[in-house]
Amino acid sequence: MTESKRVSDEVTRLHDFFTAWYAGEPGRMIDEFSRSLDKGFWIVGPGGDVTGYDEIVAAVAAGHGESGMRIAVENFQVVQLGSAVVCRYDEVQTTAQERRRRISTAVMVTDTDTPGGYRWISVHETWVNP
């Protein structure tokens, strides 16, 4: 399996978790998400807000069962930079009321101790036609 395929599988795995988590599906645990992130993780949201590890884990944990949002990821591009990878992908969020798209860029390093084999270092998101 190529590095590109492993990275796209990891991005898909984590976003499948979000879909299941926000729908309140039983059997999912927040550590499936939190163990995927570096303790120094940060995300720049599409509105420009910067959120660190503790805050993002708390926000996702609090959102359990709160929406029927489906999340799909597509249009992967991956660049290997030594032990790190930079991945760009489109994230499509769909609810009964709306469909939103954002472009995300993630920095990850391989880590066999994480659920998907990668430790997420940072993410930067930008709305597409908000």
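Trainee: What kind of model is it, and how are residues numbered?
Mentor: It is a predicted model, where local features need pLDDT of at least 70, side-chain atom pairs count only at pLDDT 80 or more, and totals for chains, interfaces and linings use all residues. Residues are numbered from 1 along each chain as its sequence is written, and side-chain values use heavy atoms, with hydrogens and water left out.

Trainee: Which strands pair with β1?
Mentor: Strand β1 (residues 37-44) pairs with β6 (residues 118-128) in the parallel sense over four bridges, and with β2 (residues 50-52) in the antiparallel sense over three bridges. Strands here are DSSP runs of E with at least two residues, helices are runs of H or I with at least four, and both are numbered from the N terminus. Two strands pair if DSSP finds at least two bridges between them.

Trainee: Which residues stand opposite each other there?
Mentor: Leucine 37 stands opposite tryptophan 120 in β6. On the β2 side, valine 44 has valine 50 as its bridge partner.

Trainee: And what about the turn between β1 and β2?
Mentor: The two strands form a hairpin with five residues between them, and glycine 48 in the turn has a positive phi of about 95°.

Trainee: How many bridges join β3 to β4?
Mentor: 10 bridges, with the strands running antiparallel. Glutamine 80 stands opposite valine 85 in β4. The hairpin of β3 and β4 has two residues between the strands, and glycine 82 takes a positive phi near 65° there.

Trainee: Which residue other than glycine has a positive phi?
Mentor: Asparagine 75 is one, with phi near 55°. Asparagine 75 is found in strand β3 (residues 70-81) and is partly exposed, with a relative accessible area of 43%. The cut-offs are under 20% relative accessible area for buried, over 50% for exposed and partly exposed in between, with a 1.4 Å probe and protein chains only.

Trainee: Moving along, how do β4 and β5 run?
Mentor: They run antiparallel and are joined by 11 bridges, and the hairpin between them passes through four residues. Aspartate 90 stands opposite isoleucine 103 in β5, and threonine 94 stands opposite arginine 99 in β5.

Trainee: Is β4 mostly covered or mostly open?
Mentor: Mostly covered: eight of its 11 residues are buried.

Trainee: What does β5 do with β6?
Mentor: β5 and β6 pair in the antiparallel sense over 10 bridges. In that pairing, valine 109 stands opposite arginine 119 in β6.

Trainee: Now helices. Which residues of α3 are buried?
Mentor: In α3 (residues 53-62) they are Tyr53, Ile56, Val57 and Val60. These residues lie on the same side of α3 because they cover an arc of only 100° around the axis, the arc being that of the directions from the helix axis to the C-beta atoms.

Trainee: What covers them, and what is on the face turned away?
Mentor: The cover includes α1 (3-23), α2 (31-34), β1 and β2. The face turned away from the buried side carries the exposed residues Asp54, Glu55 and Ala62.

Trainee: Is arginine 13 buried or exposed?
Mentor: Arginine 13 is buried, with a relative accessible area of 19%. Arginine 13 sits in helix α1 and touches Glu32, Ser36, Pro115 and Gly116, not counting residues up to four places away in sequence. Contact means heavy atoms within 4.5 Å.

Trainee: And aspartate 16?
Mentor: Aspartate 16 is also found in helix α1, and it counts as partly exposed at 42% relative accessibility. Aspartate 16 and arginine 70 are 54 residues apart in sequence and 8.4 Å apart in space, C-alpha to C-alpha.

Trainee: Where does lysine 39 lie?
Mentor: Lysine 39 lies in strand β1 and is exposed, with a relative accessible area of 65%.

Trainee: Last topic: which residues lie nearest the centre of the largest pocket?
Mentor: Tyr22, Ile43, Ile56, Arg102 and Glu125, out of 28 lining residues. The elements that give two or more residues to the lining are α1, β1, α3, β4 (84-94), β5 (99-110) and β6.

Conventions:
On a 1 Å grid over the protein atoms alone, a cavity is a set of points where a 1.4 Å probe fits but cannot get out, and a pocket is an open set with protein on both sides within 12 Å along at least five of seven lines; lining residues have an atom within 4 Å of a point.
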